[in-house]
Amino acid sequence: VICPFIFDQHFWAERMEWMGLAPPPLQAHRVFPAAAADHRTSPAAEAHVQPAGEGRPEDALIRAILQASTADVRREVARVGDELRCENGAADAPLIQLASGLRLHCVSPVETHHIHREIFQDDVYFQHGIRLSRGDSVVDVGANIGLFTLRVAFAAADANIWALEPVPPIFHTLQRNMDLHRQPGVKVRTLMAAAGAESTSMEVEGGVEVTFFPHMAGNSTLYPAEKRALQGKAMKPHFFSQSESFRCRVVTISQVLQGVEDGDWARIKQLVVEVHDVNGRLADVVGLLQEKGYCLAVDAAPDCPDGTFLVYATSAV
């Protein structure tokens, strides 16, 4: 019986219900009415909960315990328990060796080799004057399993890095890779969140929905229809199979940079932005960065579908 309060507790509670391992998650404000002002469930969680009526707070808990004790739930719990006892936990996650000799945990090995070549061999993010210095602060938005974060950590002593990744299976792999390759003096902070023009929380707004493509995890997205349209010409259909949806919170930086506060632009010395040129998005990004005084270069992203660009921006100051 699960009663989520904050952050990804709502996701895991709904996941347990979806798998048939638990009743619908309890609404905290019904079970603990005195704490309702401090702890709120998300709208996503509300939508999956049967109304508790106006009875005593303990009535909802009693009903949940009775439902959790049914034969169907007990049978599913026993089945999953047997499967877990046969596993070797996190030790079974893929650990691969890449062309540079780097060993990494990954979600999709084929894609990981491709991204590693882009970042470590072709050095695509360090073109047109983009460079690292000791003590730099770097934000890696959509960090995936951490390849770019590690590229920075290996190259910039005393760097401060914030790595944002919203998809839980990818985020946990990112964390494992950061633990595997800790660099003295480098601070890496991982955050399970997407980036957008406006922030949303799991507790209040219920976050936003992100689609996870396990066969090409780096293409997981808030905009699955756009991603399929863009990548569909280059990718075989099975790359989009077995997709899953997750709820995630959003912090205020977006791929079109609308979430950056006016006062913060002076602190941003360099940017590299991957842009899918849909509905004039490339022109919007270029126009915004020119307005903010950056020197720009635009390249077609290598080995990517037509309409995908890398925008390099360096401060003129």
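Arg75 and Asp72 both lie in helix H5 (residues 71-85), 3 residues apart, about one turn of the helix. An α-helix has 3.6 residues a turn, so residues three or four places apart point the same way. The side chains of Arg75 and Asp72 meet in a salt bridge, with 2.6 Å from N to O. A salt bridge here is a side-chain nitrogen of Lys or Arg within 4 Å of a carboxyl oxygen of Asp or Glu. Helices (H or I, at least four residues) and strands (E, at least two) are DSSP runs, numbered from the N terminus.

The model is predicted: local features need pLDDT of at least 70 and side-chain atom pairs count only at pLDDT 80 or more, while totals for chains, interfaces and linings use all residues. Residues are numbered from 1 along each chain as its sequence is written, and side-chain values use heavy atoms, with hydrogens and water left out.

The count of salt bridges comes to 6. Another of them joins Arg134 and Asp158, whose closest N and O atoms are 2.9 Å apart. This pair links distant parts of the chain, 24 residues apart: Arg134 is in the loop between H6 and S3, and Asp158 in the loop between H7 and strand S4 (160-164). Arg134 is exposed, at 64% relative accessible area, whereas Asp158 is partly exposed, at 31%. Buried means under 20% relative accessible area, exposed over 50%, and partly exposed in between (1.4 Å probe, protein chains only).

The structure holds 5 aromatic pairs. Rings of Phe, Tyr and Trp (its six-membered ring) pair if their centres lie within 6.5 Å; planes under 30 degrees apart count as stacked, over 60 as edge-to-face and the rest as tilted. Phe126 and Phe148 are stacked, at 5.9 Å centre to centre with 20° between the planes. Phe126 lies in the loop between helix H6 (109-121) and strand S3 (137-141) and Phe148 in helix H7 (residues 147-155), so the pair ties together parts that are 22 residues apart in sequence. Phe126 is buried at 14% relative accessibility, and Phe148 is buried at 17%.

A second aromatic pair, Trp265 and Tyr294, is edge-to-face, at 6.0 Å centre to centre with 65° between the planes. Trp265 is in the loop between strand S9 (250-251) and strand S10 (270-276), and Tyr294 is in strand S11 (residues 294-300), 29 residues apart. Trp265 is buried, with a relative accessible area of 8%, and Tyr294 is buried, with 8% as well.
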